[in-house]
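Have a look at the model first, then read on.

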Amino acid sequence: LILGCFIANTTSPLGWYDLVFGTVATSIAVILMTKVKNVWIAALFPVLSNGIIIALELGIAFDMLTIDAYLFNVLTVGLGELGVLYLVGIPVFYAIKKNQKLVELIGFKE
């Protein structure tokens, strides 16, 4: 996942900002997620890490590093992550878990 994030960010219009900030945010989230068994709690880590770190990235990249802009970005990035993870990611996770053949194919373990 971390490598995939890095590779995907090589095409970002924000260039090195996304390579560094995006990969760091993803790395923190992934490491923390592996420590928690409850998927609903684990999904909070990318919401928080991306909300905080990507908001900083946007402020630096667009030279808009004010407290108001930062808090707005924390809120909007965090809400976006929350929506993607809780409305799409977790339902897909449970759908995959129910498909025994797919679970075996991908080697999923809890």
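This is a predicted model: local features need pLDDT of at least 70, side-chain atom pairs count only at pLDDT 80 or more; totals for chains, interfaces and linings use all residues.

1. Helix α1 covers residues 2-9 and helix α2 covers residues 16-33. Their axes come within 9 Å and cross at roughly 160°. Angles over 145 degrees count as roughly antiparallel, and α1 and α2 are therefore roughly antiparallel to each other. As for handedness, α1 and α2 make a right-handed crossing.

2. Which residues of α1 and α2 meet? On the α1 side they are I2, C5, F6 and N9. Facing them from α2 are D18, L19, G22, T23, T26, S27 and V30. Sorted by class, this contact has 5 nonpolar residues, 5 polar ones and 1 charged one.

3. Now turn to the largest pocket, with a volume of about 900 Å³. It is lined by 33 residues, and L1, M33, V39, A42 and F93 are the closest to its centre.

4. Where does that lining come from? Helices α1, α2, α3 (39-42), α4 (44-61) and α5 (67-98) each supply at least two residues. The largest share belongs to α5, with 9 residues of the lining.

5. Finally, the make-up of the lining of the largest pocket: 19 residues are nonpolar, 8 are polar and 6 are charged.

Notes: Residues are numbered from 1 along each chain as its sequence is written. Side-chain values use heavy atoms; hydrogens and water are left out. Axes are lines fitted to C-alpha atoms, for helices over the stretch in contact, and angles run from 0 to 180 degrees between N-to-C directions. Helices (H or I, at least four residues) and strands (E, at least two) are DSSP runs, numbered from the N terminus. Angles under 35 degrees count as roughly parallel, over 145 as roughly antiparallel, 65 to 115 as roughly perpendicular and the rest as oblique. A crossing is left-handed if the near helix is turned anticlockwise from the far one by less than a right angle, and right-handed if clockwise. Contact means heavy atoms within 4.5 Å. Ala, Val, Leu, Ile, Met, Phe, Trp, Tyr, Cys and Pro count as nonpolar, Asp, Glu, Lys and Arg as charged, and the others, Gly among them, as polar. On a 1 Å grid over the protein atoms alone, a cavity is a set of points where a 1.4 Å probe fits but cannot get out, and a pocket is an open set with protein on both sides within 12 Å along at least five of seven lines; lining residues have an atom within 4 Å of a point. Grid points are joined across faces, edges and corners, and a volume is the space filled by probe spheres set on the points.
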